[in-house]
Amino acid sequence: MPKNQTKWREMSGRRRAMVVVLGTAQVALTAAAYRDLVKRPAEQVNGPKSAWAVALLVNWVGPLTYFAKGRITS
């Protein structure tokens, strides 16, 4: 383990809570993006749906980019 990496048991309660909140937000954002991608017709998606499905796996960047640029809204 790298020297600058803190173990879970060494973190303060506040820092642990922040990790849990941010992790939960990231999972929720990705789940919402996948749900939208699955339900949205291919004609309303910029580019192939399969490419977006892979892009959504890129932490915060994938889902945020999908919501900003991947959907065609009328």
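Mentor: Because the model is predicted, local features need pLDDT of at least 70 and side-chain atom pairs count only at pLDDT 80 or more, while totals for chains, interfaces and linings use all residues. Residues are numbered from 1 along each chain as its sequence is written, and side-chain values use heavy atoms, with hydrogens and water left out.

Trainee: In what order do the elements of the protein run from the N terminus on?

Mentor: Helices (H or I, at least four residues) and strands (E, at least two) are DSSP runs, numbered from the N terminus. The protein has 3 helices and 0 strands. From the N terminus on, the order of the elements is therefore α-α-α.

Trainee: Why is the protein described as more spread out than a compact globule?

Mentor: The globule rule is 2.2 Å times the number of residues to the power 0.38, and the radius of gyration is taken over C-alpha atoms. For 74 residues the rule gives 11 Å, and the radius of gyration is well over that, so the protein is more spread out than a compact globule. The C-alpha atoms fill a box of roughly 50 × 20 × 15 Å along the principal axes. The radius of gyration itself is 16 Å.

Trainee: What percentage of the residues of the protein count as buried?

Mentor: A residue is buried under 20% relative accessible area, exposed over 50% and partly exposed in between (1.4 Å probe, protein chains only). Applied to the 74 residues of the protein, the buried share is 19%.

Trainee: Which residues form a nonpolar patch on the surface?

Mentor: Patches are made of residues with over 30% relative accessible area and no salt bridge; like charges are joined within 9 Å, and nonpolar side chains (Val, Leu, Ile, Met, Phe, Trp, Tyr) within 5 Å. Accessible areas come from the Shrake-Rupley method with a 1.4 Å probe, and for residues only the protein chains shown count as cover. With about 380 Å² of accessible area together, the patch residues are Met18, Leu22, Trp60 and Leu64.

Trainee: Which residues does Asp36 touch, not counting those up to four places away in sequence?

Mentor: Asp36 is found in helix H1 (residues 13–39) and is buried, with a relative accessible area of 18%. Contact means heavy atoms within 4.5 Å. The residues that Asp36 touches are Tyr66, Phe67 and Arg71.

Trainee: Which residues are linked with Asp36 in a network of salt bridges?

Mentor: Side chains of opposite charge can pair when their charged atoms come close. A salt bridge is a side-chain nitrogen of Lys or Arg within 4 Å of a carboxyl oxygen of Asp or Glu, and the count comes to 2. Arg40, buried at 13%, has its closest N atom 3.0 Å from an O atom of Asp36, while the side chains of Arg71 and Asp36 meet at 3.6 Å, N to O. The residues linked with Asp36 are Arg40 and Arg71.

Trainee: How many residues apart in sequence are the parts that the pair of Arg71 and Asp36 ties together?

Mentor: The side chains of Arg71 and Asp36 meet in a salt bridge. Arg71 lies in the segment after H3 and Asp36 in helix H1, so the pair ties together parts whose separation in sequence is 35 residues.

Trainee: Which residues do ring pairs link into a cluster?

Mentor: Rings of Phe, Tyr and Trp (its six-membered ring) pair if their centres lie within 6.5 Å; planes under 30 degrees apart count as stacked, over 60 as edge-to-face and the rest as tilted. There are 2 aromatic pairs; that of Trp52 and Tyr66 is edge-to-face, at 5.5 Å centre to centre and 65° between the planes, and links helix H2 to helix H3 across 14 residues. The rings of Tyr66 and Phe67 have their centres 5.6 Å apart and their planes at 55°, so this pair is tilted. The cluster consists of Trp52, Tyr66 and Phe67.

Trainee: Is Tyr66 buried or exposed?

Mentor: In the aromatic cluster, Trp52 is buried at 14% relative accessibility, and Phe67 is partly exposed at 26%. Tyr66 has a relative accessibility of 0%, and therefore counts as buried.
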